[in-house]
Amino acid sequence: MNIATKPEIILTGDRATGPLHLGHYVGSLQQRVLLQSQHQQTILVADMQGLTDNAHNPAKVSSNILNVVADYLAVGIDPDQTTICLQSQLPALAELTMYYSNLVSIARLERNPTVKTEIQSKGFDRSIPAGFLTYPISQAADITAFNATLIPVGDDQLPMIEQTNEIVRKINHLANKKVLTECRPLLSNAPRLPSTDGKNKMSKTMGNTINLGASEQEISAAVKAMYTDPNHLRVQDPGQVEGNVVFTYLDAFHQDKNTVEQLKSQYRHGGLGDGTTKKILEECLQELLRPIRHKRAEYLNDKAQLLAILKRGSQTSKEQTEQTLLDVKAVFGLNIF
Ligand code: TRP
């Protein structure tokens, strides 16, 4: 289906556990800015999902809600085109999660590859919070509550889409008619941006990301410390471009693809130092992030305005999601008043 001509109901979102970074920018934010004028788009600030592994440190979530909203606005999400809402303000989502929980087995949840990987990397062992194991059900509630048809996601989120559609089919089967709508993923065509150390998934705690609100000095320090080719010791040595984070970022952010290709071939032949490639990259990141940083700071200076935007979006979403809840309660015969 051609998404450029077919208006879709889009739901996307982020766990509010930290400010957004360049990985989000290339992976999803740019895409959302493009989608907002053509489709009915809602962005969910998933604070409840953020709590599923942060309940011992709830400030990590609550203190990031407005940061994330400011990040959205700073990159060009327009609250008149995109509804921005807060998950915890939409009680229908929690209620739907409760109903759907009866349709999903623990074994099915334990098979979810993304959750499995997260459980291992977080070292939960047997102490997995029930809310964490079941967050794919809550995500299914998010998606179905909005009747979303198209979900822009990274490939790690594909198991959530699959889980959602299983629940949709179960509900529709129980109802013997179409109550809920199946959704499709929209994968971003941008390759995943590596962390600045070239090793890990980007994470704030690893200090290997560049946040959208990073200061000039932070950007400069991050680029200087960026992983290149460890065997490229002298300027005249031939260097490797593959796996060299500076080149991956140049591919992602430099406006002129020809220049990047020329730099790559020079680097491969020898004669181009990491200092030079880093300087070029730093200039282009400074240029990209300067206006974003300024807008973000302006928004964060006016918390009342940010709160008003989030409240307005949450109010719109509340009405939408409550309609789906009524439909699902009816499937279980619990629409008795
Ligand atoms: N799981 C998403 C993340 O890791 C956040 C999210 C919650 C989401 N609910 C959603 C994304 C619904 C898309 C649709 O950031």
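Which domains does the domain assignment of the chain give, and what are their bounds?

Reply: The model is a predicted one, in which local features need pLDDT of at least 70 and side-chain atom pairs count only at pLDDT 80 or more, while totals for chains, interfaces and linings use all residues. Residues are numbered from 1 along each chain as its sequence is written, and side-chain values use heavy atoms, leaving out hydrogens and water.

The assignment gives domain 1 (3-194 + 303-331) and domain 2 (216-297); such bounds come from an automatic or database domain assignment. Their C-alpha centres are 34 Å apart. Each domain supplies 11 residues to the contact, where contact means heavy atoms within 4.5 Å. About 950 Å² is buried between the two domains, and carbon and sulfur atoms contribute 74% of that area. On the domain 1 side, Leu22, Ala74 and Pro194 lose the most area to domain 2, together 51% of what that side buries. Buried area is the accessible area (1.4 Å probe) lost when two parts are put together, summed over both.

A polar side-chain atom of Arg15 is 3.3 Å from a ligand oxygen atom. Gln49 places a polar side-chain atom 2.8 Å from a ligand nitrogen atom, and a side-chain N or O atom of Asp142 lies 2.7 Å from a ligand nitrogen atom. Of the 360 Å² that the ligand exposes when taken alone, the protein buries 90%, by the Shrake-Rupley method with a 1.4 Å probe.

How values were computed
A polar contact is a pair of N or O atoms within 3.5 Å; within protein, one must be able to donate a hydrogen and the other to accept it, and residues adjacent in sequence count only if both atoms are side-chain atoms.
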